[in-house]
Structure formats: structure tokens, C-alpha cells
Amino acid sequence: MDRSLAVERLLRDVPPHDLPAALRSALSEHFGARAVELLMADYALTELCQVSTLPYTSDPIPVEGTVPGAAFVAQAATFGHDGASVTGYLPVSVRGDRLGILAVTLPEEPEPPVWAELERFAEALAHELFVADRDTDLYIQARRSSRLTLAAEMQWQLLPGRACTRAEFALGGQLEPAYAIYGDCFDWSASAHKLAVTLINGMGEGSEAALLTNLAVNALRNARRAGVALDAQAELADQALYAHYRGAQHVSALLLEFDLSTGMADVVDAGSPRLWRLRDGKAEQVHFDEQLPLGTFEDTLYTAQRFQALDGDRFVFVSDGVYDAAGPHGDRYGEHELAEAVVATADLPAAHVPGSVLRELSTRRHGEQAEDDAMVVCLDWFGPTPRSGPGPTPAVALGSR
């Protein structure tokens with residue numbers, strides 16, 4: 001059997017918790033690998049944590065300033081030489097969602113086709129890891145460099161992922177503080193014809209806010225999967241929240257549904273998450289008619305609005321934990337600062353934008369603890385014909401929204 005097929009079949013056949021050991025054995029046998037290590041990106045995307053049978057027993061590797069970190073950020077194979085061997089750091093990603101790095105140490109520099117094979121194994125490993133989380137805690141444990149709060153545990157398990165890439169669009173999202181998030185959340189889902197994006201900000205703190213958000217997200221998913229229109233999705237989720245909390249708790253939400261063939265989007269603005277658009281090098285807020293948060297009153301009616309996305313548009317969604325964040329002197333983040341932060345991301349891929357905006361926000365706080373959790377989601381709209389390049393290509397013609 002061809003060695004590539006042998007390795008990939010082994011990845012499919014072993015128990016989920018045995019993936020690193022099986023890969024280590026297979027690459028040693030077929031490629032003479034001296035060492036094989038799987039490094040998982042932590043929840044904050046600032047560290048790479050080694051997967052081992054005993055979690056928390058090794059020090060994480062910083063993403064910034066390290067060779068494996070450079071491979072993770074660039075999403076490209078990076079190599080390190082120590083004289084006696086060479087180590088390749090290969091991105092472990094699935095459909096744009098960055099999971100970690102596969103480090104493979106070989107006795108000597110191999111030919112380029114060998115590295116290409118190993119990169120393919122890293123991609124195959126990513127798909128297996130994506131499925132393995134259903135059956136083992138090993139890789140979920142390896143992602144954390146410190147303990148998550150109960151609320152954060154609930155929120156991270158609720159997410160669809162942290163990035164997604166297709167020919168028509170690219171998405172990236174991040175929550176902070178990563179280990180203590182509670183009310184903020186995002187969701188997305190794509191079919192052959194539609195892309196749904198949901199931004200949620202549940203009121204309150206701790207696990208109570210997480211419970212509220214969980215109910216809201218699942219109510220919206222239930223309505224979306226029933227195939228009803230966007231305004232009806234909002235109304236059904238509103239009814240579910242009001243039935244449980246009787247108006248004492250509510251959820252701010254921004255619901256969007258894009259037609260993948262035209263870029264026309266339906267929108268329901270039910271609260272605080274805001275949308276910024278980067279087009280032709282200029283960032284501006286896109287305003288909608290704000291309606292009541294979900295769960296405020298019984299039988300609230302919602303109305304969807306429409307706007308047009310143009311090829312090359314970048315959309316950045318932020319929660320109030322971003323635009324209401326206080327600086328060291330009590331001043332708020334504000335529209336001007338947020339517009340500058342969005343413009344500064346122009347050359348970054350969508351998956352990197354949330355981290356960039358949140359790091360800028362953290363720098364502005366000068367290390368002070370945040371008053372609220374924060375969410376940033378970036379959507380790059382390529383349109384029916386995908387554009388080249390890591391970031392959005394500016395549209396030639398500006399259209400009305």
C-alpha cells in the first residue's frame with residue numbers, strides 16, 4: 001500500500017484519543033520521523049499547547065515570537081533547523097478554522113514532495129480532530145492553558161467554530177476574556193444558497209448569562225432549521241425567551257441572512273451588536289432600525305431590512321464590550337477609534353481580524369481588567385466569484401446599502 005494511503009487510513013481507523021500516538025508511529029515507520037508533536041491553539045489564540053496523555057503537564061508555547069507560532073499565524077509550513085535535524089511546523093486547520101500545529105522532526109531536509117505529503121497529513125488530522133471532540137476530552141483539555149469558568153465552558157461549546165472559509169466568503173470570530181466569557185456569542189451556518197450569521201449579547205453575568213445565551217442561540221437555530229423567514233426566526237426566539245424569563249431577562253441580537261448568489265442580505269437588528277463595513281479603504285458603521293431585544297415583551301413583531309454586500313466588502317461585528325469599553329481615564333472606545341481599528345485590519349485575513357481588534361482594545365486599556373466580555377466577528381464577502389489575496393479586495397463601484 002502507498003505510504004500516504006497507509007497513514008491516512010490509520011488516522012481514520014484508530015480510536016480518537018490515539019491519533020497523536022498513531023501518527024507518531026506511522027511517520028516514524030514511513031518517513032523516519034524522530035519526533036511528532038501535536039500542538040493545539042488555546043482559547044485565546046495566544047499559545048500552543050502540547051497534546052499529551054496527561055493534560056497540563058507541559059508549558060505552552062507562545063504564538064508570538066516562536067517558529068511554530070509563525071506557522072500558525074501565517075497558516076503556512078515553517079521550518080526550524082538545529083544542525084542534526086529539521087523540524088517542520090505544519091498548520092492543522094479545517095475549512096479555515098485554525099486548530100493548531102503538527103511538528104514533525106526529520107533527520108535531514110527532505111525533498112519538497114515529502115513536505116507536501118506531511119502537509120496533507122496535517123490537513124487529514126484536522127478533519128479527524130474535528131470529529132474526535134465528540135468522543136474524547138483530550139483535545140479540548142489541551143486547548144486550555146488555564147481553567148475555564150463554567151460560563152466560558154458553556155459558551156465555547158456553543159460556537160460553530162472560530163473561522164470558516166468558502167469560495168463566497170470567509171468568517172472569523174473571537175470572544176474575550178477567553179477563559180471567562182459569559183453573555184456574548186456568535187453563530188453561523190451556510191447552505192448552497194444562504195449564509196446565516198447571528199451575533200448575540202445576553203444580559204447579566206456568569207453562568208446565568210451563559211444559560212440565557214444558550215437558550216437564545218438554540219431557539220434561533222431551531223427556527224432557522226425549520227426554514228422560516230428571518231423575521232419569523234426572531235419572533236419565535238423572542239417567544240421562547242419570554243416564556244422562560246417573562247421579560248426579566250433579554251438578549252440583544254443582530255441576525256443576518258445573505259443570498260450567496262447576489263450578496264443581498266436580510267437583517268433584523270434586535271439590540272446592541274453593531275456592524276462596521278470596510279469598503280474602498282473606508283470604515284463606516286452600517287445603521288439599521290433598532291428593534292426590541294429578544295424576550296423583552298410577549299409576542300413582539302420584528303421586521304427585516306435589506307442591504308447589499310458588494311464583492312470585496314469586509315464586515316466587522318462588535319458587541320458593547322468593544323464599543324463601550326472604558327479606557328484608563330474613563331473615556332469610551334468610541335466610533336473614531338473603532339473605525340481606525342477596522343481600517344488597520346485591511347491586509348489581514350478574516351480569521352485574524354477579531355484578534356487584532358481585541359488586542360488593540362486591550363492595549364488601550366493599559367492592562368486594566370475589562371468591565372464586560374467582548375465579541376468581534378469578521379465577514380469577508382468575496383461574492384459569487386472569489387477574489388484573490390488575504391484580505392478584502394476594494395470594490396470598484398460603491399453601491400447603496
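## The second largest pocket

The lining of the second largest pocket divides into 11 nonpolar, 2 polar and 6 charged residues. Here Ala, Val, Leu, Ile, Met, Phe, Trp, Tyr, Cys and Pro count as nonpolar, Asp, Glu, Lys and Arg as charged, and the others, Gly among them, as polar. This is a predicted model: local features need pLDDT of at least 70, side-chain atom pairs count only at pLDDT 80 or more, and totals for chains, interfaces and linings use all residues. Residues are numbered from 1 along each chain as its sequence is written, and side-chain values use heavy atoms, with hydrogens and water left out.

The pocket has 19 lining residues. Phe 130, Asp 133, Arg 143, Leu 159 and Gly 161 lie nearest its centre. Its volume is about 500 Å³. The top contributor is β6, with 3 residues.

## How spaces are defined

On a 1 Å grid over the protein atoms alone, a cavity is a set of points where a 1.4 Å probe fits but cannot get out. A pocket is an open set with protein on both sides within 12 Å along at least five of seven lines. Lining residues have an atom within 4 Å of a point. Points are joined across faces, edges and corners, and a volume is the space filled by probe spheres set on them.

## The cavities

There are 3 cavities of 30 Å³ or more.

Methods:
Helix = DSSP H or I, 4+ residues; strand = E, 2+ residues; numbered from the N terminus.
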